[in-house]
Amino acid sequence: MSNVRVLFKSNYSMIGKLRVFNSIIREKVPFEPLNPPYVGMYVCGPTVYSDVHLGNVRTFLSFDVINRYLRFLGYKVRYVRNITDVGHLLDSGEDKISKKAKLEKKEPMEVVQRYANDFHQVMRTFNALDPDIEPSATGHLLEQIQMIETLLEQGFAYESNGSVYFDVGKYNEAHHYGILSGRKTDELLSQSRELDGQDDKRSPLDFALWKKAAPEHIMRWPTRWSDGFPGWHLECSVMSSKYLGNTFDIHGGGMDLKFPHHECEIAQCQAANGESQAKYWLHTNMLTVNGQKMSKSLDNSFLPWQLITGNHKLLDQGYSPMTIRFFMLQSHYASTLDFSNDALKAANKGYLKLINGLRILKNLTYPGDTSESLNEKQVTQIEKMCDNCYHAMNDDFNTALTIGHIFNLLKKVNSLYTGQLSFEEIGEEIFKKMKSTILTFTEDVLGLTIESNLSGENMLNLVLQEYKMAKDAKDYDKVDLLRARLKDQGIAVKDMKSGVGWAYEE
């Protein structure tokens with residue numbers, strides 16, 4: 001982070017307090033870490049048996065921004081995001097990774113490695129920061145077995161035919177299974193379905209802590225109960241408590257994980273540790289396509305690379321990674337996000353407008369010999385716009401509002417660039433504050449960068465020099481020709497009193 005960007009860091013506490021929507025109490029509340037300035041955040045990561053889907057990408061980009069903003073505020077964040085490489089079961093009781101390995105005739109860990117690598121590449125493509133710790137389920141089998149032993153000893157679990165199940169009925173005697181999702185036990189029982197292995201359970205609501213492996217099951221480990229594998233929910237309870245403590249600050253994930261995954265995590269941790277798992281629960285919302293739920297059955301889902309290349313029947317064109325990131329951040333993380341060609345094209349136009357402003361801003365410097373003649377109205381407006389960026393992010397990480405305030409500031413930047421607003425009117429301090437705020441919130445907090453080719457930009461500058469010489473020579477045929485050719489490449493030439501500039505066509 002440059003020196004410009006830290007000039008106003010001491011003002012954070014003066015511009016409101018961060019508030020977050022806590023899913024477990026269904027209210028927006030002040031964010032007060034358990035042990036400031038330290039913040040522990042656990043986010044449920046991908047199950048690596050297939051390509052990461054856009055719903056995952058939306059969730060991880062949302063928590064990337066949350067991670068970035070917390071660090072920006074000065075918190076020392078430990079961000080843990082797991083890799084599920086065993087135990088994510090289908091309704092049939094078969095492990096998703098084992099099934100994929102059989103279909104592809106590979107070792108399960110080959111499947112895991114391939115899709116974990118792909119996942120990391122997608123995250124880098126969208127400029128997401130790496131988590132501080134990325135543990136895997138198979139790397140924490142001993143800890144999972146130990147938690148099962150603890151739950152058995154305390155009477156919250158039971159063994160049945162080589163499998164071990166969590167006893168929801170026993171848990172409900174002292175606690176509330178359904179506290180996060182708001183579901184009631186009677187309703188859950190009436191909605192339960194008969195699945196494989198159901199006869200082993202005392203109640204349809206009980207869930208697997210350890211599953212005895214069928215003879216054909218590939219992924220299996222020996223325990224005193226059976227050769228088997230852990231249930232899906234167990235890994236997150238174990239890894240979150242190992243790296244963040246029994247109770248930590250933030251647990252996040254997609255809203256589809258509220259039930260049963262997060263509900264089961266809460267029950268396991270409360271039963272084993274006697275403490276609440278997380279103080280704040282944050283959930284991202286679902287994706288839709290043209291107003292319909294995104295799903296394979298409707299044939300309206302697409303993968304990140306299809307969105308980038310445009311290689312899908314529902315897309316007219318491809319969109320750059322930063323355009324997609326910008327599009328996702330235009331909606332609050334807890335709101336439904338609808339994909340459509342029109343929405344993506346509008347986002348592309350908005351992103352181009354943003355980077356045009358950033359490029360201009362980065363080339364603007366305050367003139368050293370300028371005598372200030374402050375316009376208090378302009379100064380007050382810019383200060384308020386800067387503060388509004390903090391207010392928006394402090395309102396449950398409202399990226400959509402933040403982007404709107406950044407655009408308001410960029411209008412002032414453009415006015416400086418064209419000469420409609422003078423440096424003398426705003427003064428050096430406010431100019432630096434405006435520049436710091438825009439760059440910090442755009443690049444450091446929202447993670448939006450300028451996508452450009454440096455060699456191409458150097459070539460563009462040469463063409464613009466030729467354009468200027470043709471204009472000075474009044475060779476208007478050549479001027480028109482160069483302008484038209486640049487327009488074909490998405491570049492708009494800007495004739496100004498101060499010289500010749502350019503911007504991406506919006």
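Gln378 is buried, with a relative accessible area of 17%; buried here means under 20%, exposed over 50% and partly exposed in between, using a 1.4 Å probe on protein chains only. Keep in mind that this is a predicted model, where local features need pLDDT of at least 70, side-chain atom pairs count only at pLDDT 80 or more, and totals for chains, interfaces and linings use all residues. Residues are numbered from 1 along each chain as its sequence is written, and side-chain values use heavy atoms, with hydrogens and water left out.

Gln378 sits in helix H13, residues 376-394 (helices are DSSP runs of H or I with at least four residues, strands are E runs of at least two, numbered from the N terminus). Leaving aside residues up to four places away in sequence, Gln378 touches Lys412, Leu421, Glu425 and Ile426, a contact being heavy atoms within 4.5 Å.

Now for the sheet. Five strands make an open, antiparallel sheet in the order E5-E6-E7-E9-E8, where two strands pair if DSSP finds at least two bridges between them. At the edges are E5 (157-160) and E8 (221-222), each pairing on one side only. Four bridges join E5 to E6 (residues 163-166), and Tyr158 has Tyr165 in E6 as its bridge partner. Strands of a sheet pair through backbone hydrogen bonds, either parallel or antiparallel.
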